[in-house]
Amino acid sequence: MSGGGRVTGGRESTVRIGLVLPDVMGTYGDGGNALVLRQRLRMRGHDAEIVEITLSDPVPESLDIYTLGGAEDSAQRLATRHLQRYPGLQQAAAKGAPVLAICAAIQVLGHWYETSTGERVDGVGLIDVTTSPQAKRAIGEVTTTPLLPGLTAALTGFENHRGGTKLGGDATGLAHVTRGVGNGVGDGLEGVVQGSTIGTYMHGPALARNPELADLLLSRVLGVDELPPLHLPEVDQLRRERLRA
Ligand code: GLN
């Protein structure tokens with residue numbers, strides 16, 4: 001899709017995966033999502049590399065896919081300012097580059113969020129969501145049934161957030177909660193989908209636990225309908241364990 005000169009569906013150049021602000025956003029090993037994407041590409045014979053974008057770097061708009069992790073309130077605020085100052089991520093998303101936003105990153109990419117002390121902070125405005133603190137922190141396993149076409153298997157992750165996220169008319173839920181809290185505003189939804197952006201409260205990291213979601217993102221990056229399957233018994237085992245837990 002994006003990514004200067006790479007031939008869609010081919011192997012002619014390297015897929016560049018943006019790991020956005022791992023220095024401030026990346027609780028519970030969310031940086032692992034970028035590793036999973038890179039590994040699943042390499043196992044299928046594609047060259048792939050992770051480009052880390054820290055608070056010292058402007059955010060490039062030329063990468064093929066972007067991942068952002070969760071964060072505590074103060075770190076989340078630093079990340080918000082940086083993404084507002086350097087809007088490369090928003091520009092890439094506008095051109096269709098997939099964006100995976102975990103937990104705090106959903107909040108940061110929305111219109112605004114309120115911190116646990118009730119202070120309202122303007123977000124990046126990429127997705128039509130707002131977030132306010134809920135009475136009780138949501139902590140524990142979350143399991144859901146996907147709503148996004150292309151996903152069939154239950155999604156599983158670990159959630160830990162105080163914010164509850166309300167979706168506006170331009171956004172839809174990623175999944176229906178079957179166990180746990182999810183977005184936490186009473187609509188039974190977990191996560192958000194808007195254009196090429198997918199957000200979820202699931203840590204895990206999410207893509208290690210949910211390979212179907214990883215491959216959906218990668219099929220979009222490569223511009224193909226389907227990817228050759230990977231047989232990874234360890235991943236199947238992890239899923240069985242987490243879904244049983
Ligand atoms: N600080 C945010 C909240 O509590 C996000 C937490 C996280 O990313 N784990 O809602």
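Trainee: Which residues does the UniProt domain annotation cover?
Mentor: The unreviewed entry gives "domain: CobB/CobQ-like glutamine amidotransferase" for residues 16-210. UniProt positions follow the numbering used here, feature names are shortened, and annotations may be inferred rather than shown by experiment.

Trainee: Anything to know before we go on?
Mentor: This is a predicted model: local features need pLDDT of at least 70, side-chain atom pairs count only at pLDDT 80 or more, and totals for chains, interfaces and linings use all residues. Residues are numbered from 1 along each chain as its sequence is written, and side-chain values use heavy atoms, leaving out hydrogens and water.

Trainee: How much of residues 16-210 is helix, and how much strand?
Mentor: The span is 21% helix and 36% strand. Its end C-alpha atoms lie 21 Å apart. Helices (H or I, at least four residues) and strands (E, at least two) are DSSP runs, numbered from the N terminus.

Trainee: Now the ligand. Which residues come nearest?
Mentor: Ala71, Asp73, Cys103, Arg162 and Gly163, out of 14 residues around the ligand. To count as near, a residue needs a heavy atom within 4 Å.

Trainee: Which element gives the largest share of that shell?
Mentor: Strand S8, with four residues. S8 (155-167), helix H2 (73-85) and helix H4 (104-109) each supply at least two.

Trainee: How many are nonpolar, polar and charged?
Mentor: Three nonpolar, eight polar and three charged. Here Ala, Val, Leu, Ile, Met, Phe, Trp, Tyr, Cys and Pro count as nonpolar, Asp, Glu, Lys and Arg as charged, and the others, Gly among them, as polar.

Trainee: What sits 2.8 Å from a ligand oxygen?
Mentor: A polar backbone atom of Gly163. The protein covers 97% of the 300 Å² of accessible area that the ligand has on its own. Such areas come from the Shrake-Rupley method with a 1.4 Å probe.

Trainee: And side chains?
Mentor: An N or O atom in the Gln107 side chain is 3.0 Å from a ligand oxygen. For Gln76, a side-chain N or O atom is 3.1 Å from a ligand nitrogen. A polar contact is a pair of N or O atoms within 3.5 Å.

Trainee: Which residues does UniProt list for "active site"?
Mentor: Cys103 and His203, again from the unreviewed entry. They are spread over 101 residues of sequence, yet cluster in space, with a largest C-alpha distance of 7.7 Å. Cys103 is in the loop between strand S4 (99-102) and H4.

Trainee: Switching to strands. How do S7 and S9 pair?
Mentor: S7 (residues 129-146) and S9 (residues 175-179) run antiparallel over four bridges. Pairing takes at least two DSSP bridges. Thr143 stands opposite Arg179 in S9.

Trainee: What about S9 and S10?
Mentor: Antiparallel as well, over two bridges, with S10 at residues 189-190. His176 has Leu189 as its bridge partner in S10.

Trainee: How many salt bridges?
Mentor: Eight. The rule is a side-chain nitrogen of Lys or Arg within 4 Å of a carboxyl oxygen of Asp or Glu. One of them joins Glu49 and Arg16, at 3.3 Å from N to O. That pair links distant parts of the chain, with Glu49 in strand S2 (residues 48-53) and Arg16 in strand S1 (residues 15-20), 33 residues apart.

Trainee: Last one. Where is the peptide bond that is cis?
Mentor: From Gly204 to Pro205, with omega near -10°. Pro205 is in the loop between strand S12 (197-200) and helix H5 (206-209).

Note on methods:
Polar contact = N/O pair within 3.5 Å; in protein donor to acceptor, adjacent residues only side chain to side chain.
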